[in-house]
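Reader: I am new to this structure. Could you walk me through how to read it, feature by feature?

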Amino acid sequence: MRILVTGGAGFIGSHTCVELLNAGHDIVVIDNLLNSHTESLNRVREITDVSFDFEHANLLDRDKLRIVFAEQNIDAVIHFAGLKAVAESVGKPLYYYHNNLASTIVLCEVMGEYGIKNLVFSSSATVYGQTNQVPIKEETNLVATNPYGRTKLMIEEILRDLYISDNEWSIALLRYFNPVGAHSSGLIGEDPNGIPNNLTPYITQVAVGKLPELKVFGNDYDTIDGTGVRDYIHVVDLAKGHLKALDKVMNNTGVEAYNLGTGKGYSVLEVLSAFERAIGKTIPYKIVDRRHGDVAVSYADPLKAKRELNWEAEKSLDDMCRDAWNWQKNNINGFKEEVIK
């Protein structure tokens with residue numbers, strides 16, 4: 001099959017490109033490179049020894065998107081593209097609503113024009129909001145609490161309405177928990193702009209000396225050591241989940257949501273200890289005040305994905321930390337800027 005991967009130069013997108021190519025699929029990547037670099041795609045080619053087409057474009061550019069569909073003979077779309085920083089979304093809500101919603105609407109409209117109605121959508125566990133109900137099932141109430149999360153929830157609703165209007169659509173909504181790790185080659189991994197928003201790149205950047213210490217937000221939660229507990233999933237396991245979802249949408253119609261997580265929670269200090277084992281040294285940290293809105297414990301119930309997609313996470317926390325560190329130590333400054341090719 002020939003798969004259009006929107007946002008394919010990003011963290012999860014690039015790892016999914018590797019798995020698609022290794023599985024024998026053809027891919028076309030479209031990315032505006034706002035939060036990513038073409039070097040990640042060069043390295044995907046290096047890992048797989050397979051060539052593929054890249055289109056530097058914004059999904060809001062309807063004319064450009066039409067050209068891609070007209071020329072590329074697309075069978076299905078995996079849609080990662082979108083703005084993704086929670087804090088930024090709070091400060092720039094209209095920017096997030098316009099970009100994430102409008103770009104998805106344009107994508108779906110153009111897909112419809114060309115009769116392509118198979119879509120895997122990159123959603124997020126943020127659609128569950130601040131629930132204290134664990135494990136979190138797909139049926140848990142959806143109450144996103146920030147603009148980023150609300151864009152994911154709104155897009156899910158848009159896609160459900162799209163199917164109601166046209167029952168030929170087949171859509172999988174993949175709700176990620178906390179993606180971490182990197183490809184075992186160390187060639188691709190998470191490369192955040194500025195100070196990381198997520199725990200693991202923060203830890204690895206402290207370990208390589210880019211940041212002085214890890215800030216741990218609160219140690220007075222009702223958990224094993226007082227720090228927040230989350231469900232961390234290896235990015236390669238996550239990428240493989242997209243291939244299973246792709247198989248599903250190519251052979252069924254309808255809209256289904258799936259949690260992609262391990263079903264297991266680890267505290268911040270447990271993750272820190274696992275990184276110290278992987279790195280072989282102590283990582284400095286400082287306890288600071290809780291962040292507003294953080295819950296004590298959050299982890300997935302992944303049984304629906306196992307039952308309906310024949311998918312489950314396989315990699316351990318130690319695997320996640322080892323691979324994340326292997327990426328960071330070999331790419332201290334992440335992907336370097338380069339001329340767009």
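This is a predicted model: local features need pLDDT of at least 70, side-chain atom pairs count only at pLDDT 80 or more; totals for chains, interfaces and linings use all residues.

Reader: What makes two strands a pair?

Author: Strands of a sheet pair through backbone hydrogen bonds, either parallel or antiparallel. Here two strands pair if DSSP finds at least two bridges between them. Strands (E, at least two residues) and helices (H or I, at least four) are DSSP runs, numbered from the N terminus. Strand β9 (residues 229-230) pairs with β14 in the parallel sense over two bridges, and V229 has V297 as its bridge partner in β14.

Reader: Which strands does β5 pair with, and over how many bridges?

Author: β5 and strand β6 (residues 170-176) are parallel and share seven bridges, with S124 opposite Y176 of β6. Strand β4 (residues 76-79) also runs parallel to β5, joined by three bridges; I78 is partnered with V120 and H79 with F121. β4 is in turn joined to strand β1 (residues 2-6) by four bridges, again parallel, and T6 stands opposite H79.

Reader: Where do the side chains of these strands point?

Author: In a regular strand the side chains alternate between the two faces of the sheet. In β5, N118, V120, S122 and S124 point one way and L119, F121 and S123 the other. Seven of the seven residues of β5 (118-124) are buried, where buried means under 20% relative accessible area, exposed over 50%, and partly exposed in between (1.4 Å probe, protein chains only). β4 has A76 and I78 pointing one way, V77 and H79 the other, and all are buried.

Reader: Is S273 buried or partly exposed?

Author: S273 counts as partly exposed because its relative accessibility is 33%. This residue is found in helix α9 (residues 268-279).

Reader: How should I read a nonpolar core?

Author: In soluble globular proteins, nonpolar side chains tend to be buried together. A nonpolar core here is a set of buried Ala, Val, Leu, Ile, Met, Phe, Trp, Tyr and Cys residues joined through side-chain atoms within 4.5 Å. The largest one has 40 residues, of which V5, L20, I27, V29, L174 and L260 touch the most other members. Helix α8 (residues 235-251) gives the most to this core, with seven residues. Apart from it lies another core of 27 residues, including L4, L65, V110 and I155.

Reader: And how many cavities are there?

Author: On a 1 Å grid over the protein atoms alone, a cavity is a set of points where a 1.4 Å probe fits but cannot get out, and lining residues have an atom within 4 Å of a point. The search finds two cavities of 30 Å³ or more.

Terms used:
Residues are numbered from 1 along each chain as its sequence is written. Side-chain values use heavy atoms; hydrogens and water are left out. On a 1 Å grid over the protein atoms alone, a cavity is a set of points where a 1.4 Å probe fits but cannot get out, and a pocket is an open set with protein on both sides within 12 Å along at least five of seven lines; lining residues have an atom within 4 Å of a point. Grid points are joined across faces, edges and corners, and a volume is the space filled by probe spheres set on the points.
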